[in-house]
Amino acid sequence: MDHPLLGSLLRGRRLESCLEAKVRSVEEHQEAAVRRPEKADDGWVSVAVSGARVVACFLTMMVTTAVWAGIMLLLLPWPYERIRQGNLYGHVTGRLMMWILGNPIKIQGSEFSTTRAIYICNHASPIDIFLVMWLTPIGTVGIAKKEIIWYPLFGQLYVLAKHLRIDRSDPAAAVESLKEAARAVRNNDLSLVIFPEGTRSRSGRLLPFKKGFVHIALQTRLPIVPMVLTGTHLAWRKDSLRVRPAPITVKYLPPIKTDEWEKDKMNEYIEMIHSLYVQHLPEAQKPSA
């Protein structure tokens with residue numbers, strides 16, 4: 001004779017197994033969708049719309065860059081005003097780029113977006129550049145490799161706008177470039193925006209952080225404001241001309257004070273901030289195990 005309690009237990013186990021199998025199936029489906037987002041929109045209409053948007057972005061950026069280059073030349077004797085105009089150029093151009101691309105954008109923590117600080121941002125897409133151009137405050141300079149000057153029009157405008165460049169040809173030169181950047185930020189009461197990974201991630205997953213932003217924080221004692229970007233790697237992948245209507249989130253985290261940071265704890269600070277990003281990124285953008 002079957003025991004009622006045993007029968008109930010077995011039925012519960014079977015139900016639990018079915019539910020677990022269903023959950024695994026849903027998770028696997030979502031992960032496959034993340035790995036292959038392009039399958040849903042490879043029709044000729046979406047390809048044509050994507051191409052039109054890329055061309056429109058390129059033409060718009062050429063026009064705004066040419067206009068602001070003329071303004072910058074007129075302002076050669078006034079370097080701070082060129083920084084301000086460079087930020088206005090970024091706000092206008094970055095916002096136009098995102099409007100043309102048409103991605104839904106959600107911005108969180110915007111109360112931290114006007115702080116004088118070192119803004120850091122994960123980097124997996126050309127869209128990241130448009131977003132930081134648009135969303136960093138007036139009085140912010142960027143920092144990039146010195147070769148950016150050779151990018152047609154944009155590179156020359158970058159230099160005219162008094163943004164900073166570093167020499168990455170050897171470690172000693174890079175450290176000296178960072179010291180010069182820190183002096184410029186400190187002496188002119190500027191903010192700074194930097195991609196701590198040092199390059200774009202091909203997969204969208206977070207890469208290890210380099211030490212540059214911590215070097216600058218130690219010398220300027222500015223707070224660090226992390227900007228966590230999600231979805232940009234799905235909207236426009238690295239080395240691709242296809243854009244997709246993937247939703248994007250920009251999340252500002254509260255400023256991290258650096259007043260009492262010590263030079264011999266640099267690795268601890270890097271690990272702490274990297275862990276913050278891991279905590280706030282979706283599973284598909286967390287570092288590979």
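K146 has a relative accessibility of 35% and therefore counts as partly exposed, a class lying between buried (under 20% relative accessible area) and exposed (over 50%), as computed with a 1.4 Å probe on protein chains only. The model is predicted, so local features need pLDDT of at least 70 and side-chain atom pairs count only at pLDDT 80 or more, while totals for chains, interfaces and linings use all residues. Residues are numbered from 1 along each chain as its sequence is written, and side-chain values use heavy atoms, with hydrogens and water left out.

The side chain of K146 meets that of D167 in a salt bridge, with an N to O distance of 3.6 Å. A salt bridge here requires a side-chain nitrogen of Lys or Arg within 4 Å of a carboxyl oxygen of Asp or Glu. K146 lies in the loop between β3 (140-145) and α5 (154-160), and D167 in the loop between β4 (164-166) and α6 (171-187), so the pair ties together parts that are 21 residues apart in sequence. These elements are DSSP runs numbered from the N terminus: helices are H or I runs of at least four residues, and strands are E runs of at least two. D167 is buried, at a relative accessible area of 18%.

The structure holds four salt bridges in total. Another of them joins R84 to E81, whose closest N and O atoms are 3.4 Å apart. Both residues belong to helix α3 (residues 79-101), and because they are three residues apart, about one helical turn separates them. In general, an α-helix has 3.6 residues a turn, so residues three or four places apart point the same way. R84 is partly exposed at 35% relative accessibility, and E81 is likewise partly exposed at 27%.

A further salt bridge links the side chains of E176 and R183 at 3.8 Å, N to O. E176 counts as partly exposed at 36% relative accessibility, as does R183 at 35%.

Helix α6 itself has 17 residues and reaches 24 Å from its first C-alpha to its last. That span is close to the expected 24 Å, which is 1.5 Å times one less than the number of residues. The buried residues of α6 are A173, A174, S177, L178, A181, A182 and V185. Their cover includes the strands β3, β4 and β5 (191-194) together with helix α7 (212-220), where contact means heavy atoms within 4.5 Å. Just after α6, D189 takes a positive phi of about 55 degrees.
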